[in-house]
Amino acid sequence: MRRRDFLPLIGGAAALPLAGRAQQRAMAVIGVLHGVSAAQWKDRMVGFHRGLGEAGFAEGQTISIEYRWAEGQFERLPTMAADLVGRNVAVICAGASDIAIRAAIEATSTIPIVFTTASDPVRAGFVHTLHRPGRNVTGATFMGVELVAKRLELLNELLPSATRIALLVNPNNPGLMQDNIRLSKDAVRQLGIEMVLVEAGSENAIERAVRAAVEQHANALIIGNDAYLSSRSEQVALFALHHSLPTISESREGVAAGLFMSYGPNQAETFRHAGIYVARILKGEKPADLPVIQPTTYELFFNLKTAKALGLTIPPTLLARADEVIE
């Protein structure tokens, strides 16, 4: 081979790593902001990555992700949101408490934000309308608080003699707490049941809250929609079972952790939709033009081991409607 033929080959070979590095530098960066820990949100994030993958994006290959997990310390969220904005991420995906979403919204009016929330995003002030969100914000909602009445109906069907039910809420998430209280009050009024309110916004407060429910002679405990309370399902289940208190929550993960039952949308699926929206925004679509995604199907789960420990028999009609009975 002549020297003049060999030199371009050397140049081309040397250029490949440089091109690779340049491509890596140009890789879009997504910010993920949540109030819980990565371990607690593992199943949901699997759904998020599935949504990204369906649109052709893979972490470490076509996109980079900066994770910020507050691990229950919600006061850290504004600083974390500001840090993501300072890093000029392409999109912020926020959730696991409305506090994280508000922190992202307050930190930027230009970087697109995709949320996941159990709140009504219009009442919460995140979007103008569900169909035309406006601004730089859109996302997916579990519309969990709207299912509070249905959960109470299921408990009433299981415990027809119950006269008092306790509602567990997180005072550190005031907007969602008020939604839970308002809708629960409407539901218990229609069922002719009395409701007592117990609060837990920290790990130490959970046992006190469960004990308070028992001391007020509650026949069951409904865990209000809240990311922090959801992440503490195992702890709630342990104390509730110790006091022989039936429980109902929003997701399968809570039942797998030992809660008696749950009714709600598939949360991993909701996160999958959030991943798809992030991908669509990366491809050029505007958040203002993407309608807020709402669940269309709901799942019912029971923990048979917990039912036996409580001495409860699940009626065959409810077992037939269950998506899964965990043993």
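Predicted model: local features only at pLDDT ≥ 70, side-chain atom pairs only at ≥ 80, totals over all residues.
1. Overall dimensions. The C-alpha trace of the protein chain spans about 95 × 40 × 35 Å along its principal axes. The secondary structure of the chain consists of 13 helices and 12 strands.

2. Burial and surface. The protein chain has 327 residues, and 53% of them count as buried. Its accessible surface comes to about 14900 Å². Carbon and sulfur atoms hold 51% of that area.

3. Taking contacts between residues at least 6 apart in sequence, 70% join residues at least 24 apart.

4. The parallel sheet. An open sheet is built from 5 strands in the order E2-E1-E3-E4-E5, with parallel pairing. Its edges are strand E2 (63-69) and strand E5 (137-141); each has a single partner strand, so one side of each is left without a neighbour in the sheet. From one strand to the next, the twist averages 20°.

5. The E1/E2 pair. Strand E1 (residues 28-34) pairs with E2 in the parallel sense over 7 bridges. Within this pair, His 34 stands opposite Trp 69 in E2.

6. Helices on the sheet. Helix H2 (residues 42-54) packs on the sheet and touches E1, E2 and strand E3 (91-95). The direction of H2 makes about 160° with that of E2. Helix H3 (residues 77-86) also packs on the sheet, with E1, E2 and E3 as the strands it touches. For H3 the angle is given against E1, and its direction makes about 175° with that of E1.

7. Strand E10 and its partners. Which strands pair with E10, and in what sense? Strand E9 (residues 247-249) pairs with E10 in the parallel sense over 2 bridges, and Ile 248 stands opposite Met 261 in E10. Strand E11 (residues 299-303) pairs with E10 in the antiparallel sense over 4 bridges, and there Tyr 263 stands opposite Leu 300 in E11. Both senses of pairing rest on backbone hydrogen bonds between strands of a sheet.

8. Side chains of E10. In a regular strand, side chains alternate between the two faces of the sheet. In strand E10 (residues 261-264), Met 261 and Tyr 263 point one way, while Ser 262 and Gly 264 point the other way. All of these residues are buried, that is, under 20% relative accessible area.

Note on methods:
Residues numbered from 1 in each chain as written. Heavy atoms only, no water. Buried < 20%, exposed > 50% of the residue type's maximum accessible area, 1.4 Å probe, protein only. Contact = heavy atoms within 4.5 Å. Areas by Shrake-Rupley, 256 points an atom, 1.4 Å probe, with all protein chains shown as cover. Pairing = 2+ DSSP bridges. Axes fitted to C-alpha atoms, helices over the stretch in contact; angles between N-to-C directions.
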